[in-house]
There are 2 protein chains.
Amino acid sequence: MPDDEANPGMRNWRALQPLTEAECMGLLADGGMARLVYSSRYGPTALPMVYRIDGESIVVGTWDPALFDEDLRTGIARAEYQVAVEVDQIDLEAREGWIVLVRGAAHHIDTEAERAPLIGPDLEPWIEGVPAHLIRVAPTSTWGNRILRA
Amino acid sequence: MPDDEANPGMRNWRALQPLTEAECMGLLADGGMARLVYSSRYGPTALPMVYRIDGESIVVGTWDPALFDEDLRTGIARAEYQVAVEVDQIDLEAREGWIVLVRGAAHHIDTEAERAPLIGPDLEPWIEGVPAHLIRVAPTSTWGNRILRA
């Protein structure tokens with residue numbers, strides 16, 4: 001019997017198990033809610049956004065492009081901003097779950113030709129008056145951990 | 001009858017409603033899971049952590065201090081690292097929820113005198129072999145939005 005069942009007052013210890021890149025991308029396969037992480041003029045920033053996997057990259061759809069229209073552009077052609085995409089699913093009661101952090105350059109999807117095939121039920125705009133703005137992140141590093149019973 | 005009930009195929013438009021500082025802190029009052037956001041040597045970073053409100057500051061408890069032992073220290077006495085604490089609660093089905101982003105300096109709680117009164121059921125360590133490491137963030141800016149039916 002685990003310690004925490006025998007002694008409910010005792011701590012339920014957990015362990016961290018590093019995930020491989022393939023495991024990380026597998027956990028992201030279904031899309032959902034991620035946080036786009038970057039340094040804005042005002043400091044470190046993370047904003048929740050919907051995302052889906054497209055090939056080997058992550059496409060995030062933002063609900064307020066005004067927030068980072070300037071922030072996420074270097075102003076230099078082909079020089080892209082470094083960002084991270086964070087996704088986690090942690091059950092605080094069970095103390096179990098996982099976290100994935102993917103880093104890469106933020107490619108703004110500015111042409112309709114590139115945008116049209118990506119817009120679907122999971123990336124459609126849903127803030128009134130604000131078209132969905134999409135950003136593609138091609139991973140340059142992928143890191144993740146699973147939280148398990150120790 | 002709202003559009004989306006009459007026409008389930010239509011988009012369920014939503015609107016963003018800015019939150020006041022007091023409303024933001026009110027939403028954080030119960031603690032739970034936040035993400036600590038900062039620039040590490042490896043790039044933009046966000047890691048999920050448990051948090052609670054203590055007076056006017058946010059205290060986060062980390063599950064892997066090794067991750068930012070160096071990252072989050074400037075090496076200069078009293079010069080603290082700029083971080084953000086992000087908390088959101090968004091229901092993707094209902095397309096409703098909120099997001100709060102608080103920025104401030106990261107104060108490492110390195111003394112037992114400062115640490116002891118903060119450790120409790122919501123901030124106790126739960127990764128085996130890793131003591132909880134606490135960081136206090138005194139907000140210098142607080143920003144939030146609620147996502148509502150348009």
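Reader: What makes β5(B) and β6(B) count as a pair of strands?

Author: Bridges do. In this predicted model, 11 bridges join β5(B) to β6(B). Two strands pair if there are at least two bridges between them. So β5(B) and β6(B) meet the rule. They run antiparallel.

Reader: Which residue of β6(B) stands opposite B:Val87?

Author: B:Val100 stands there.

Reader: Why is B:Arg95 called partly exposed?

Author: Count its neighbours. B:Arg95 has 19 C-beta neighbours inside 10 Å. A buried residue needs 20 or more, and an exposed one has 12 or fewer. The count of 19 falls in between, so B:Arg95 is partly exposed.

Reader: What does A:Arg95 show for phi, and where is its place?

Author: Its phi is near 55°, again a positive value in a residue other than glycine. A:Arg95 sits in the loop between β5 (81-91) and β6 (96-108) of chain A. It is partly exposed, with 19 other C-beta atoms within 10 Å.

Reader: How do you know that β6(B) also pairs with β7 of chain B?

Author: β6(B) and strand β7 (residues 133-149) of chain B share 12 bridges. At least two are needed, so the strands pair. The sense is antiparallel. In this pairing, B:Gly97 stands opposite B:Ile147 in β7(B).

Reader: Now chain A. Why is A:Thr140 called exposed?

Author: A:Thr140 lies in strand β7 (residues 133-149) of chain A. It has 11 other C-beta atoms within 10 Å. The cut-off for exposed is 12 or fewer. With 11, A:Thr140 is therefore exposed.

Reader: Which residues does A:Thr140 contact, leaving aside its neighbours within four places in sequence?

Author: A:Arg103 and A:Gly104. Residues are in contact if their C-beta atoms lie within 7 Å. There is also a C-alpha separation to note. A:Thr140 and A:Ala84 are 56 residues apart along the chain, and their C-alpha atoms are separated by 9.8 Å.

Reader: How many helices and strands does chain A have, and what pattern do they follow?

Author: Chain A has 3 helices and 7 strands. Along the sequence, the pattern reads α-β-α-β-β-β-β-β-α-β.

Reader: How many of the residues of chain A count as buried?

Author: The share is 35% of the 150 residues. Contacts in chain A can be split by sequence separation too. Take those between residues at least 6 apart in sequence: 68% join residues at least 24 apart.

Reader: What makes the relation of chain B to chain A a two-fold axis?

Author: Look at the turn and the shift. Chain B can be laid on chain A by a turn of 180° and a shift of 0.0 Å along the axis. The RMSD is 0.0 Å. That is why the relation is that of a two-fold axis. The same surface serves both copies, as 100% of the contact residues of chain B recur in chain A.

Reader: How many residues are in contact between the chains?

Author: 37 residues of chain B are in contact with 37 residues of chain A. Several strands of chain B each supply at least two residues of that side, among them β3 (43-54) and β5 (81-91). The side of chain B that touches chain A divides into 20 nonpolar, 7 polar and 10 charged residues.

Methods. Residues are numbered from 1 along each chain as its sequence is written. Chains are lettered from A and ligands numbered from 1 in the order in which they are written. This is a predicted model: local features need pLDDT of at least 70, side-chain atom pairs count only at pLDDT 80 or more; totals for chains, interfaces and linings use all residues. Two residues are in contact if their C-beta atoms, placed from the backbone, lie within 7 Å. Helices (H or I, at least four residues) and strands (E, at least two) are DSSP runs, numbered from the N terminus. Ala, Val, Leu, Ile, Met, Phe, Trp, Tyr, Cys and Pro count as nonpolar, Asp, Glu, Lys and Arg as charged, and the others, Gly among them, as polar. Copies are superposed by least squares on the C-alpha atoms of residues with pLDDT of at least 70 in both.
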